[in-house]
Amino acid sequence: MSGLGAFVQFYLDGYRPGDPEIRPAAPSARPPAGSGELPEEVDVLVVGTGPAGLVLAAQLAQFPGITTRVVERRTSPLELGQADGVACRTVEMFNAFGLAEKLVREGYWVNETTFWSPAPEGGLMRTGRVQDVADGLSEYPHVIVNQARMQDYLLEHMRKSPSRLEPDYGMEATAIEVLPAGDHPVKATLRRTGGAADDGEARDVVVRAKYVVGCDGARSAVRRSLGIGLRGDARNHAWGVMDLLAVTDFPDIRLKSVIQSAHGGSILLIPREGGYLVRLYVDLGDHDPGDRDARARFTPESLIGAAQRILHPYTLEVKDIAWWSVYEVGQRIADRFDDVPESERGSRSPRVFIAGDACHTHSAKAGQGMNVSMQDGFNLGWKLAAVLEGRSPESLLHTYAQERRAVAQELIDFDLRWSTAMAAKPKDPDSPGAGGIDAQERQRLFTEGGRFTAGFATEYAPGPLTGSGEHQSLATGFPVGQRFHSAPVIRLADAKPLGLGHVAEADGRWRIYAFADADDPQSPESGFARLCAFLAESEHSPVRLFTPEGADSDAVFDVRAVFQQDHHTLEIGTMPQFLTPRKGPFRLVDYEKMFTPDPTPGQDIFDARGIDRARGAVVVVRPDQYVAAVLPLDAHQELGNFFAQTMLVQRRLPDSSDLCRRGDRAPLCSVVTTPARSSAPPPTSSGWGSSPKASHAAAIPTGGTSSV
């Protein structure tokens, strides 16, 4: 895991003392976030501070030019309980926020999982042990950290951001209405749940927003306001969950364990961070769906008794209960994830979205609820920022529901299989027709689901944000539509070893990784050098067309190069100047754009990720870390046309219109352009954080282009 947090660069705008993670504050909006008072109008209103809401808010916090507010019905941040399993994919995402080091340092590492089944002579016996995360799947471990602590990390990140974003607690949404017109067409009615409302202040507050995102849980008021239903079934099977401090003679108390007793149900045992705490998911059996008070009759004592029966003959002496709850297994998914009915899809853009438990609910057994919810927020956040900052048309926002509902359905299907296996009785060898599941079958299902539970089963289908994979053979280890799988490299400028994927921040920028071909990259005739010349100089370069006048050259596209040679044999001064851009108010040189393979045996990124050494490759990565396209180095037109599907031209370059009038079918002749916004200040040197909001009048329709 070398290079955690390696992306950090600071002092670009001038030296400042103190903690470099605290970004310079932008001019604060009035009233300030977290004050308990809301502006009459906001760009984005996030309802709920669960996993999805805070990942979304943490992204938007980097853009002080976007007025974001977050409301939460609780009167303070979450402190105890709820989810705790953090998939490898989630740790990768947290690295983009600079938070992965905290997770892996503080969390319990799930290295192995053991399986326990009834012993022939009675009691329990260990029937299997598997490695929890397969080798090569990720450089990060599967860790256990309390959801409340995860949310603390994100809240701290928001407080250190340029916008100093803080949630406004004690406010819940009661009604969301999309009006037919206006720049802020969403009317949100909020109700104060405590504090100032008890002192005589108005209990109801109305806010007008451009966009609202409901991250307010399974009983989402935002979802109900939109009239969106949840489809699925409750299993009428209860599970208890407890975080315990206990003394036991069960030998695997510090290993994740799947425990099935002969007659007393099952337990999923999850050791917690800190060395002493342990979580037990305890099977409480079926209950009568007509008995509305069934859950209320469960007590901590009854949960402990059930756990003791399942663990027998091992003992369990509970010293303290940090948190407990009872829930029913069920899998439900929302009809749609935004406010646009299918009959209106394509005729208008969405204005209200739902994410996390508001649109998909399931059991906790697969450990995916918090993780998939966070990925919902990560998917939507950069898209909202791109639209509000004028980089992309509103049609981009349709892709959120298209992509994430398919992922949620896969989760529902997987969770149904796994929770059924967890609750099944052991197979009786004397009664083979009686059903049940044997130890080997349970372990096989767990192993086969390893890629899913690690968070790597998501694969986005071809569309405006994901290419066809026609050139996949150039980089077989970076499958189009799947997450960008980091690999070790050496930074050319300072010989620092790090993971290539670790240089990407959650800043809304696209990544273009250029893997050099076999020719000398210092030769202007190499395919690599010609790509750099195209990106730097051509009037058809997406970097030039889609980056605003006056912004740093990497404000929208972060282009990085990976060479095949050893870092001792290359000189930075002989490389294309495009890869040492001058940035910021002092026009300082960025030396961190170039890398070479890690010389450690077996670590060469070209071999590890199947890069074609003769031809090289261009790997385009979305702001949410998924591979969008793999292209040849000389596919200049194809590269430009890919971005033209979902981005707005920020400036008309000198000869581009003339080329189009001549009928030259050069790249991007068919792209709608927007006039340069010369009257507005350019984005800050750190990216898009303070750029003005632009008109969407020249939106390129999703899935195609319009003629000029």
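Colleague: In which strand is V620 found?

Modeller: V620 is found in strand β26; a strand here is a DSSP run of E with at least two residues, a helix is a run of H or I with at least four, and both are numbered from the N terminus. This is a predicted model, in which local features need pLDDT of at least 70 and side-chain atom pairs count only at pLDDT 80 or more, while totals for chains, interfaces and linings use all residues. Residues are numbered from 1 along each chain as its sequence is written, and side-chain values use heavy atoms, with hydrogens and water left out.

Colleague: What makes V620 count as buried?

Modeller: Buried means under 20% relative accessible area, exposed over 50%, and partly exposed in between (1.4 Å probe, protein chains only). V620 has 0% relative accessibility, so it counts as buried.

Colleague: Which residues does V620 touch, leaving out those up to four places away in sequence?

Modeller: V620 touches W510, R511, Y626, V627, A628, A629, L639, F642 and F643, where a contact means heavy atoms within 4.5 Å. W510 and V620 lie 110 residues apart in sequence, with 7.4 Å from C-alpha to C-alpha. For the protein chain as a whole, 74% of the contacts with a separation of 6 or more are between residues 24 or more positions apart.

Colleague: W510 belongs to β21. How do you know that β21 is mostly covered?

Modeller: Of its 6 residues, 6 are buried. W510, I512 and A514 point one way from β21, R511, Y513 and F515 point the other way, and all are buried.

Colleague: Let's turn to β11. Why is β11 called mostly covered?

Modeller: Strand β11 (residues 204-214) has 8 buried residues out of 11. β10 pairs with β11 in the antiparallel sense over 6 bridges, and β17 pairs with it in the parallel sense over 3 bridges. In the β17 pairing, V212 stands opposite V352.

Colleague: In what order do the strands of the open sheet with β7 come, and how are they paired?

Modeller: The order is β3-β7-β4, with antiparallel pairing. β3 (85-86) and β4 (108-109) each have a single partner strand and stand at the edges, so one side of each lacks a neighbour in the sheet. Between β4 and β7 there are 2 bridges, and W109 is partnered by V143.

Colleague: Why is the pair of F94 and F97 called edge-to-face?

Modeller: The whole structure has 23 aromatic pairs. F94 and F97 are 6.5 Å apart centre to centre, with 65 degrees between the planes. Rings of Phe, Tyr and Trp (its six-membered ring) pair if their centres lie within 6.5 Å, with planes under 30 degrees apart counted as stacked, over 60 as edge-to-face and the rest as tilted. F94 and F97 therefore form an edge-to-face pair. Both of these residues are buried. Elsewhere, ring pairs link W382, W510, F557, F642 and F643 into a cluster.

Colleague: What makes you say that the charged end of R483 sits over the ring of F456?

Modeller: The charged end of R483 is 3.8 Å from the ring centre of F456. A charge sits over a ring if NZ of Lys or CZ of Arg is within 6 Å of the centre and within 35 degrees of the ring normal.

Methods
Two strands pair if DSSP finds at least two bridges between them.
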